[in-house]
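Work through the exercises below with the sequence and the model open. Each task is followed by a solution in steps.

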Amino acid sequence: MKPAEYTVSEMRDLLDKMSGMYNIARVVNPMEARVLEIGDDGRVGMSDKCYKVWGADQRCTNCSSTTACISGCHREKKEHYQDNVFNIHSNPVKLIMDNGASYEAVVELINITSDSEAEAPEEENDRAAENVGGAAARYYAYHDNLTKLLDIDAFYEFAREKLLDTPDTEWTMVVSDITDFRMINNLFGIGRGNEILIKAAELISELTERAGGLSARIRDDRFAMLIPGDSFSREDLDDIARVMTEYGSNGVYKLRFRFGVYSIGDTVIPVSVMIDRAKTALATVKSDAREAVAYYDDEMLRREIFEHRVISRFESMLNEGRFRMYLQPLTDENGKPFGAEALVRCIREDGTIVPPADFIGTLEDAGLIHELDSYVWEQAVRQLSLWKGTEREDLIISVNMSGRDFFSMDVFEVLTGLLDRYGVSRDKLRLEITETALIDDMDEVNDVILRLRDEGFYIEIDDFGKGYSSLSMLRNIPADMLKLDMGFLHESEDDVRCRIIVGAVIKMARDIDMDVLVEGVETERQLRTLAGMGCRCFQGYYFSKPLPVEEFEKRY
């Protein structure tokens, strides 16, 4: 269940309404344990620590609002303080800011009764026992055991205190990680991995203490730093990256330390969002690049806002037809089509087209890709049914399948049900699955593919050569076609060597009774070269870009 969404003004109206029904109605950021204040002018600010109202001196270990925020579900609990019982209803929400950005919060609706009026709880919530006592115990409650840096919850809380205490200071959020850190544990053992994490923590702690900031280990090999803007230096980060590379590299593995940087423009947004924006920048640092630092910019913010809109309005966008099927021809070497691949485009309100790279990954991360895939499958099957009895009835349509589809729905039942409903034969709908999806869980996916193939479906392995292809996969997966990615040729500097490899792949596929299609063909020279190697099926901009269905039908 998705949390309800509220604009700032809507949230203010809700709190005003609920204040007449509850003793306390407030919206909180549970990650930072702070009450959000909404002013008359619609501005949002951070107020007191939420747990102070019932006499706690640190965040509650059994916080119902934190649980509600993480789970996305309503939670309830009781707090006892000074002969009163606080009956708390925690309701997760998403707060939409005026610029379109959003973040998660919780509306707390609290009624207060006296102990004598309330029923005795099954388990007394002993505030003194719950809170951590003693300096040593408190230290360990706030710090990561291995690196001795702050843990993520303490970082949220103490970072907010820094921001509130220094309203005139500009701050910078930095998030770092180690590329392919799991390789260190796998190659050299967990002990060596821990040594590297401790070394990184020492360097990071030294930097933030010198600058008057904070540092934390937020997860695994990922660290966060809050640094005053006037003390932030790109050179400091480069120095840490250089020292860590020297410390952690050897002849087998080269360690790369990288950083994402977000210059905090609005201190009201949650610290968790600041970290996410630094992580967004971090993700743009390529693993093989020389540059170790990337900065969050306005384009990333625009993409973040767009991604939120896609996720929050996904169902309505499907119903409004904002996701549309496009068809890219599959042809022989003379350009005569034998079918098309169904691709999806997102159409904005102004009619401009959003490329799939800008929303497919977002829907995968949000667990929605199977809904989009099944929607496109139905559009393709419907189109095949419309072509029956026309000059296009011999054409096939190829559809994409995500590895996540196999774990989110009964793929076999969905596909066979669609074809039966529209009266389309199995061989008209070809199924493309990427080699990476096959590798993720080959046994389970292979079982479904075997059933589909036995049912009469034509199976294609998509993007072959784009990832880490496995010959054992070709041996075990009962596929009918290999789709070879032309990018394999584009990215090679050794043209002769690459041609030999591509020619060998084409011959090998034919020898094991698999068809071969090369996608991404852009020039006549590429076409002639591939045809000379024995390839007979092609796809790419040399023949046609993906087309709206109506335009595809006019052209073919």
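**Exercise 1. A hairpin and its neighbours**

How many bridges join strand β6 (residues 84–96) to β7, and in which sense do the two strands run?

Solution. The structure is a predicted model, in which local features need pLDDT of at least 70 and side-chain atom pairs count only at pLDDT 80 or more, while totals for chains, interfaces and linings use all residues. Residues are numbered from 1 along each chain as its sequence is written, and side-chain values use heavy atoms, with hydrogens and water left out.

Step 1. Helices (H or I, at least four residues) and strands (E, at least two) are DSSP runs, numbered from the N terminus. Two strands pair if DSSP finds at least two bridges between them.

Step 2. β6 and β7 run antiparallel and are joined by 13 bridges. One of the paired positions is Asn 87, whose bridge partner in β7 is Asn 111.

Step 3. The hairpin of β6 and β7 has 5 residues between the strands, and Gly 100 there takes a positive phi near 95°.

Step 4. β7 (residues 102–114) also pairs with strand β2 (residues 24–29), in the antiparallel sense, over 5 bridges. Here Ile 24 has Ile 110 of β7 as its bridge partner.

**Exercise 2. Two helix pairs**

At roughly what angle do the axes of helix α5 (residues 152–165) and helix α9 (residues 271–282) cross?

Solution. Step 1. Two packed helices are described by the angle between their axes and the distance between the axes. Axes are lines fitted to C-alpha atoms, for helices over the stretch in contact, and angles run from 0 to 180 degrees between N-to-C directions.

Step 1. The axes of α5 and α9 cross at roughly 105° and come within 9 Å. Angles under 35 degrees count as roughly parallel, over 145 as roughly antiparallel, 65 to 115 as roughly perpendicular and the rest as oblique. α5 and α9 are therefore roughly perpendicular to each other.

Step 2. Contact means heavy atoms within 4.5 Å. On α5 the contact is made by Ile 152, Phe 155, Tyr 156, Ala 159, Arg 160 and Leu 163, and on α9 by Val 271, Ser 272, Met 274 and Ile 275.

Step 3. Ala, Val, Leu, Ile, Met, Phe, Trp, Tyr, Cys and Pro count as nonpolar, Asp, Glu, Lys and Arg as charged, and the others, Gly among them, as polar. The contact of α5 with α9 has 8 nonpolar, 1 polar and 1 charged residues.

Step 4. Repeat for helix α6 (residues 181–188) and helix α7 (residues 190–211), whose axes come within 6 Å and cross at roughly 140°. That angle makes α6 oblique to α7. α6 contributes Phe 181, Ile 184, Asn 185 and Phe 188, and α7 contributes Ile 190, Arg 192, Gly 193, Ile 196 and Leu 197. By class, this contact of α6 with α7 has 6 nonpolar, 2 polar and 1 charged residues.

**Exercise 3. Sheet order and a covered strand**

In what order do the 5 strands of the open sheet with mixed pairing stand?

Solution. Step 1. The order is β9-β10-β8-β11-β12. β9 (214–219) and β12 (293–295) are the edge strands, each pairing on one side only. From one strand to the next, the twist averages 20°.

Step 1. Within this order, strand β8 (residues 171–178) and strand β11 (residues 257–263) run antiparallel, joined by 7 bridges. Val 174 stands opposite Val 261 in β11.

Step 2. Turn to strand β17 (residues 429–434), where 5 of the 6 residues are buried. β17 pairs with strand β16 (residues 396–401) in the parallel sense over 5 bridges, and 5 bridges join β17 to strand β18 (residues 458–464), also parallel. Ser 398 stands opposite Arg 430 in β17, and Leu 431 stands opposite Ile 459 in β18.

Notes
Buried means under 20% relative accessible area, exposed over 50%, partly exposed in between (1.4 Å probe, protein chains only).
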